[in-house]
Amino acid sequence: MKRLLAALCALSMLVLSGCSFNVLESTDELYALPKASEEYTSLEENLQSLLDSGLEYAPPLSGSNTQPVQLQDLDGDGEQEALAFFRESSATETPLKIYIFTKDDEGLYEVACVIAGDGTDINSVLICQLLGDEGTVYELVVAWQVSSALYTLSAYSIEEYTPITLMTQTSYTRYSAVDLDGDEEQELVLMTVRNSDSDMSTAVYYDNVDGVLEPVSTANLSTRLSSIDKTSDGLLADGTPALYVTGAVQDVNSSASYQLTDILLLRDGALCNITLDEDGQNSTDTIRYSLTSNQDINGDGVTEIPTPYLLTNYDSSSSDLFYAVDWRQYAADGSYTVVSITYYNSTDGWYLELPEEWLDCLELARQDTSQSGSNERGILFYYNDGSDDADTPFLGIYKNTGTYRERNATSGDRMILLRSSDAIYSLELFGSAYDQVESAGDLLDRFHLITADWSTD
């Protein structure tokens, strides 16, 4: 015990002596915030100097790259360059600036070049390969917002940090970078919507011609297209790369919302709109109610276009609307094949692949119940072929939320379909089901949740 007390006294003396300072000092260092590296400190100093000179940050308004400062390896050397977006409010010409910083021999950032443009904002910036001959060198596509209704597009090569203009500022409504000719280089398609009787809406195809992007072909867009809401590249049924251009249809007779899709591809080097009707005016076959977007619904790598149509409501006194969707897969000659038919429940967030045998006699009804702590939204399926069983449903699909969703989803003979973070989906087969449904397992494979489309294009 005496030895233990002596040891404790010695330890306390060390803590109270100068040795305690060394212990505390190392502890402070252990918990200190990490210091920024010299390279990022140099970048920060460069940026602050530009801000002190009167510039202000002006990050891109849209697209996937919207940060005011972005790190990208533009030349494939393994080192990241920095892009910073500014506005010089006092400038009378080219007030928008894109500063590109690279590292010097000591690994510190310095200004390598500046790209300047006219407009009120930088609308978007896309980094892609337009020339392709360097393999890992990327070009910049910059969309400038001149006004709320006018945009222009430019493209730049920054080889050896000397900006070379590949395409001067050209007005457009929407643009896409897409490889339509299969050469592993991206080309630009600039689309312009003209809401007038005298001018056609057009898509212009720009390709690399001796190191410069030149307009090499033009195709008409649908005359009824009043805006372009989304563009996406994908494959057709025969593997041909295509650009899907989807927008709103101007309907002068009603206020209903409709969509259409023009499909653009290259044919013998010329841009073609393969979905235009015989008059060459509109893609009539793709006009539809705006229920859902183009997607690869069956997972075969080919983009399908949805065409919704109304199903019969079993409850004639109800105003509920039920939609089936034909998913059309197009070929390069403009013909299409329906590869899947679904009942699409956008309200409850799920869809069901429908067997063809159901379609002629299928009717649906909604059955919702709400109690304290739980909420159930159900869809009942009827097979109305005039038989005695036509008055009873053969299938029910339910979405349960709330505290008692587990109890409700598993009540009776119900079978769980899927679980999400806040809902349980289940099905129930009724007595008349077995003439229409071979097995519940088949329905398990046919049931899917609707996933959000996060594309910003």
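**Rings, a helix and a loop**

Visitor: Which residues form one aromatic cluster?
Guide: First, a heads-up: this is a predicted model, so local features need pLDDT of at least 70 and side-chain atom pairs count only at pLDDT 80 or more, while totals for chains, interfaces and linings use all residues. Residues are numbered from 1 along each chain as its sequence is written, and side-chain values use heavy atoms, leaving out hydrogens and water. Rings of Phe, Tyr and Trp (its six-membered ring) pair if their centres lie within 6.5 Å; planes under 30 degrees apart are stacked, over 60 edge-to-face, and the rest tilted. The cluster is made up of F322, Y343, W350, W358, F381, F394, Y425 and F447.

Visitor: How many aromatic pairs does the structure hold?
Guide: Any such pair is described by the distance of the ring centres and the angle of the planes. For the whole structure, the count of aromatic pairs is 19.

Visitor: How far apart are the end C-alpha atoms of helix 3?
Guide: Helix 3 covers residues 38-52, which is 15 residues. The expected span is 1.5 Å times one less than the number of residues. That predicts 21 Å, and the end C-alpha atoms agree: they are apart by 21 Å.

Visitor: Within what arc do the buried residues of helix 3 fall?
Guide: The buried ones are S42, L43, L47 and L50. The arc is taken from the directions from the helix axis to the C-beta atoms. Seen down the axis of helix 3, the buried residues line one face, because they fall within an arc of 135°.

Visitor: T292 makes a polar contact with the side chain of which residue, at 3.3 Å?
Guide: T292 is in the loop between strand 18 (288-289) and strand 19 (304-313), and is buried at a relative accessible area of 11%. A polar contact is a pair of N or O atoms within 3.5 Å; within protein, one must be able to donate a hydrogen and the other to accept it, and residues adjacent in sequence count only if both atoms are side-chain atoms. At 3.0 Å, the T292 side chain has such a contact with that of Y344. At 3.3 Å, the partner is Q295.

Note on methods
Helix = DSSP H or I, 4+ residues; strand = E, 2+ residues; numbered from the N terminus. Buried < 20%, exposed > 50% of the residue type's maximum accessible area, 1.4 Å probe, protein only.
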